[in-house]
Amino acid sequence: MNKIKVFAPATVANVACGFDIMGFALEGVGDVIVVEKTTDNKLTIAEITGTTGIPTDPEKNVSSVAIQAMLDKLGSDQGFSISIEKKVKPGSGLGSSASSSAGAVVAANHLLGNPFKKEELVEFAMEGERAASEKPHADNVAPSIIGGFTVVRGYEPLDVFTIGYPEDLYAAVIFPEVEVKTADAKKILKSQVNLSDAITQWGNVAGLTAGMITKDYDLIKRSMKDVIVEPVRSILIPCYDQVKAAALENDALGCNISGSGPSIFALARGREAADKIADAMGVEFTKADIAFDKYVSPINGKGTEIID
Ligand code: HSE
């Protein structure tokens, strides 16, 4: 096999209390990546469609940077040509760069005869994240590659695992057309937290993890709270408080910023509940005359998939 096409899903990272460690994959929204072996020992970005402003320089594009990290580990100089159909908008907070990195490494790994397991590819895709934001976090690339709900237990060394979740858990995601620069969303964070906030946060992380695994909706609801990042970042997103209030009034289990924003997500029990929440969140942006896209999706358990 010399050529392969994959779908790499968009993701919701942080999931309220799990800054930089928790994430889940969405269904139906993601990047389509075609990777083809070449004989010139080079990585080339052949085409990028669906958006503008993404670097085509292989030393800067997240897909080629991620594949290069994998080739370096193998000691290989295999050439690849990469074409990217962007369906996750950059700067959405839905793991746009992560989808491109994840899809690229899964595709190249397959063309090389699968020398690495999916879990092992996370480390290479993180190099794409480093290229995009100077911060090689794994909370978007892990769910995009592996699927499901993933947790990063530690970064040094990287230790990622997946946890169970209720089958009828749905995400309502709303992406307002406002610009929140990822760099600004990172710079604004405090570098230190106080002990009482840390205690609250790690209690919620434990509660959310246990609630997911045991399918305890009430525990999920009590735990989907973030006292460290949301209070600081939410001021960058217009109408955030109103949108969150609308989600909670419509029985969302919780509502928070997706990744570094501006997308906002809510979790709900069942598709019907999630549809109602997404509509209610949209009403708030409509009132403020802000255009938006919305997605309603169960958790995608498959991660990056080969489609051709
Ligand atoms: N954990 C990262 C952050 C995700 O919140 O900055 C970025 O999508």
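Q: Where is tryptophan 202 found?
A: Tryptophan 202 is found in helix H6, residues 195-214. The model is a predicted one.

Q: Why is tryptophan 202 called exposed?
A: Its relative accessibility is 54%. Exposed means over 50%, so tryptophan 202 counts as exposed.

Q: Why is leucine 195 called exposed?
A: Leucine 195 lies in helix H6. At 57% relative accessibility it is over the 50% cut-off, so leucine 195 counts as exposed.

Q: Which residues form the nonpolar patch on the surface?
A: Leu195, Ile199 and Trp202 form it, and together they have about 360 Å² of accessible area. A patch takes residues with over 30% relative accessible area; tryptophan 202 has 54% and leucine 195 has 57%.

Q: Why is valine 105 called buried?
A: Its relative accessible area is 0%. Buried means under 20%, so valine 105 is buried. The residue is found in helix H2.

Q: What is valine 105 in contact with, leaving aside its neighbours within four places in sequence?
A: Valine 105 is in contact with Ala66, Ile67, Met70, Leu121, Phe124, Ala125 and Ile145. Its C-alpha atom is also 9.2 Å from that of lysine 118, which is 13 residues away along the chain.

Q: What makes a set of residues a nonpolar core, and how many residues has the largest one?
A: The residues must be buried and of nonpolar type, joined through side-chain atoms within 4.5 Å. The largest such core has 36 residues, and those with the most contacts inside it are Val35, Ile67, Phe80, Leu121, Val122 and Ile145. Strands S1 (3-13), S2 (22-38), S3 (43-49) and S4 (79-85) each supply at least two residues, as do helices H1 (62-74), H2 (96-111), H3 (118-133) and H4 (141-146). H2 gives the most, with eight residues.

Q: What is phenylalanine 80 in contact with beyond its neighbours within four places in sequence?
A: Its contacts include Val35, Leu43, Ile67, Leu71, Ala108, Leu111 and Leu112. Among them too are Glu36, Lys37 and Lys42. Another core, of 28 residues, lies apart from the largest one, and includes Val12, Leu94, Ile220 and Ile299.

Q: Why is asparagine 61 called buried?
A: The relative accessible area of asparagine 61 is 1%. The cut-off is under 20%, so asparagine 61 is buried. Its place is in the loop between S3 and H1, where it is in contact with Ile45, Ile48, Ile54, Pro55 and Ile84, leaving aside neighbours within four places in sequence.

Q: How do you know that lysine 215 and glutamate 167 form a salt bridge?
A: Their closest N and O atoms are 3.3 Å apart. The rule asks for a side-chain nitrogen of Lys or Arg within 4 Å of a carboxyl oxygen of Asp or Glu, so the pair qualifies. The pair links distant parts of the chain, 48 residues apart: lysine 215 is in the loop between H6 and helix H7 (217-223), and glutamate 167 is in the loop between strand S6 (158-163) and strand S7 (169-176).

Q: Why is lysine 215 called partly exposed, and why is glutamate 167 called exposed?
A: Lysine 215 has 39%, which falls between the 20% and 50% cut-offs, so it is partly exposed. Glutamate 167 has 62%, over 50%, so it counts as exposed.

Q: What makes arginine 269 and aspartate 168 a salt bridge?
A: The N to O distance is 3.7 Å, and the limit is within 4 Å. Arginine 269 is in strand S9 (residues 264-269) and aspartate 168 is in the loop between S6 and S7, 101 residues apart. Aspartate 168, at 32%, counts as partly exposed.

Q: Why is glutamate 284 called buried, and why is lysine 287 called exposed?
A: Glutamate 284 has 15%, under 20%, so it is buried. Lysine 287 has 62%, over 50%, so it is exposed. Their side chains meet in a salt bridge at 3.1 Å, N to O, and both residues lie in helix H10 (residues 271-287), three residues apart.

Key. Residues numbered from 1 in each chain as written. Predicted model: local features only at pLDDT ≥ 70, side-chain atom pairs only at ≥ 80, totals over all residues. Heavy atoms only, no water. Buried < 20%, exposed > 50% of the residue type's maximum accessible area, 1.4 Å probe, protein only. Helix = DSSP H or I, 4+ residues; strand = E, 2+ residues; numbered from the N terminus. Contact = heavy atoms within 4.5 Å. Patch = residues over 30% accessible without salt bridge, like charges linked within 9 Å, V, L, I, M, F, W, Y side chains within 5 Å. Areas by Shrake-Rupley, 256 points an atom, 1.4 Å probe, with all protein chains shown as cover.
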